Amino acid sequence: MLRAFSRQWHDLRGTCGRSWDMLRHKAPGQVTFWLIALVVGAAAGASAVIFRFGINRLQAALYGTEDVNTLASFARELPWVWVLLIPVAGGLVVGVILQYFTPDGRVRSVSDVIEGAALNDGRVEKKAGIASALCSWITLSTGGSTGREGPVVHIAAMISSWVANRLRVDGITGRDLLGCAVAAAVSASFNAPIAGALFGLEVVLRHFALHAFAPIVVASAAGTVINRLAFGDVTEFLLPGTTTVEFYLELPAFFLMGLVCGLVAALMMRAIFWSDDVGGRIQKRLGLPHWLRPAVAGLLLGALAIQFPHIIGVGYETTSRALTGNLGLTQAFVFTAVKVAAVSITMAGRMGGGVFSPSLMVGALTGLTFAHIATGFFPEQSSAFTLYALAGMGAVAAAVLGAPISTTLIVFELTGDWQTGLAVMVSVSMSTALASRLVHRSFFLTQLERRHVHLAAGPQAYLLAMFRVTGVMRRPGTEGAADEEACHRMIAQGLYVQQSATLETALPRFDKSGVAFLPVVTLEGEDQSPVLQGALFHVDALKAYNRALAATAAEEHS
């Protein structure tokens, strides 16, 4: 017994010693990083608040209203020419900015932040990002039918990228800082600290590693404090009374509504991508310059806003009307279709903004439409319209963003109604399950897939694109290099990879040819022979790939 006690005492002393060493050597670094996360979160939260104030000020000046929260109602009284021309003017300015300050005429948003986290050590573009923020500000202030959260997330990512570059941190720390900034921006936009933290983990980092959780929560709390200092501790939407669910009889209705919302979300995303493709073909056929494309979209939006002013800007007034049941069946259905069309036009016109707020609005309108129909069949067993609109808002937004956890929490924190959790969760689960089968898991991942960035399939797919063959190949004259004569014979047979290729291109060639190595060449001209630069060995490519997979797994589970 004494021996057992001695062994336990020895183990306890060893554990205490290791804990003390960890506190001495790692705790100061952790505390320092949390302080940096706090500063980054405060800066990102302040940028979100400033961006929101900027939109309100410019929107109020252009449309001549004192309360931008009732802009849709106010715009009905404006001269139709004014409603038509404001988006056109905004589109012209946006087109000029994109022409001169972006290499591809494309506004940066959340998908670029996700790409930066996965492929660029948590960094995003600076010059194009600043231009995109300016374009989104002008778009949302001049009638563009998108949301402000996407631009705010990218602005926050630029802040974290600047800090990461200044501190010269590695990829893991850079991604953690990016998650901190994004979490703070989302929490400051919605006054939703819990959802903001989970959004950074679920959507941007796409993992829930423990090492990232604490600093992201600190940053998210900082963003919320900034929001409450500016706007007070109030929810974005006020719901009338309380909401209750007739659970046993009504839950099947929420299952069905979730499927409907999943279809609506998929249709909305496909409409945006289809409109973008059609816009590109029309622009090419007519020979329109790139800078004129946003102005044409602005003209279409202005024409639509004359009859349906609810499409102007973020649209929180219409979302509030849907949540309070203050729209009839025909209005809710028509407003849903028109809003989807307006978002598609805005995005296809490359005008700027995000899809978060539009998906909330479309979801609330879809839920209200479903409520009108459901209560018509079963009036005695149906809950208030508010509950259906609330669940629909979460269901469509979750499917579009591919973020069921954080979106569910955002809905709760936006409304302050925590009593309807089961109905919202049921609808969200069904909508995301269906929509993820119809698109590449989410709007953002589908955007990246269309740009040939394969993040939806996971790290086993996109990591290959991170390694250029020049970084893995063996050069002539080095130890273990391939025989040059054998390389030239393979080149003559067409067995080679170009110097600019990645392992994503090279590994399938190994599988197809069965060779141990491939010559790496440069092609200087059509009439000139390929120039040998080295050889890529199959074993070296697999080793590099395995190391990258191991590093990714270690980061995601640390």
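In strand β2, Val 520 is the bridge partner of Val 497, and this pairing belongs to an open sheet of three strands in the order β1-β2-β3, with mixed pairing. Helices and strands here are DSSP runs, numbered from the N terminus, with helices (H or I) of at least four residues and strands (E) of at least two, and two strands pair if DSSP finds at least two bridges between them. This is a predicted model, in which local features need pLDDT of at least 70 and side-chain atom pairs count only at pLDDT 80 or more, while totals for chains, interfaces and linings use all residues. Residues are numbered from 1 along each chain as its sequence is written, and side-chain values use heavy atoms, with hydrogens and water left out.

**The sheet**

- Strand β1 (residues 497-498) and β2 run parallel and are joined by two bridges, whereas β2 and strand β3 (residues 531-537) run antiparallel and are joined by six bridges.
- The edge strands are β1 and β3, each of which pairs on one side only.

**Burial of strand β2**

- Because six of the six residues of β2 (residues 517-522) are buried, the strand is largely enclosed by the rest of the structure; buried means under 20% relative accessible area, exposed over 50% and partly exposed in between, with a 1.4 Å probe and protein chains only.
- In a regular strand the side chains alternate between the two faces of the sheet.

**Glu 555 in helix α23**

- Glu 555 is found in helix α23, and it is buried, with a relative accessible area of 7%.
- Leaving aside neighbours within four places in sequence, Glu 555 is in contact (heavy atoms within 4.5 Å) with Ile 172, Arg 175, His 207, Ala 209 and His 211.

**Helix packing around α9**

- Two packed helices are described by the angle between their axes and the distance between the axes; the axes are lines fitted to C-alpha atoms, for helices over the stretch in contact, and angles run from 0 to 180 degrees between N-to-C directions.
- Helix α8 (residues 171-190) and α9 pack at an angle of about 140 degrees, with their axes 7 Å apart, and are therefore oblique to each other; angles under 35 degrees count as roughly parallel, over 145 as roughly antiparallel, 65 to 115 as roughly perpendicular and the rest as oblique.
- Residues making the contact between α8 and α9 include Arg 175, Asp 176 and Leu 178 of α8 and Phe 199, Gly 200 and Val 204 of α9.
- The axes of helix α9 (residues 193-205) and helix α10 (residues 210-231) come within 8 Å and cross at roughly 130 degrees, which makes α9 oblique to α10.
- The contact between α9 and α10 involves, among others, Pro 193, Gly 196 and Leu 201 of α9 and Phe 213, Ile 216 and Arg 228 of α10.

**Cysteines**

- The structure holds zero disulfides, a disulfide being a pair of cysteine sulfur atoms within 2.5 Å.
- Cys 135 is buried, with a relative accessible area of 0%, and Cys 180 likewise counts as buried at 0% relative accessibility.
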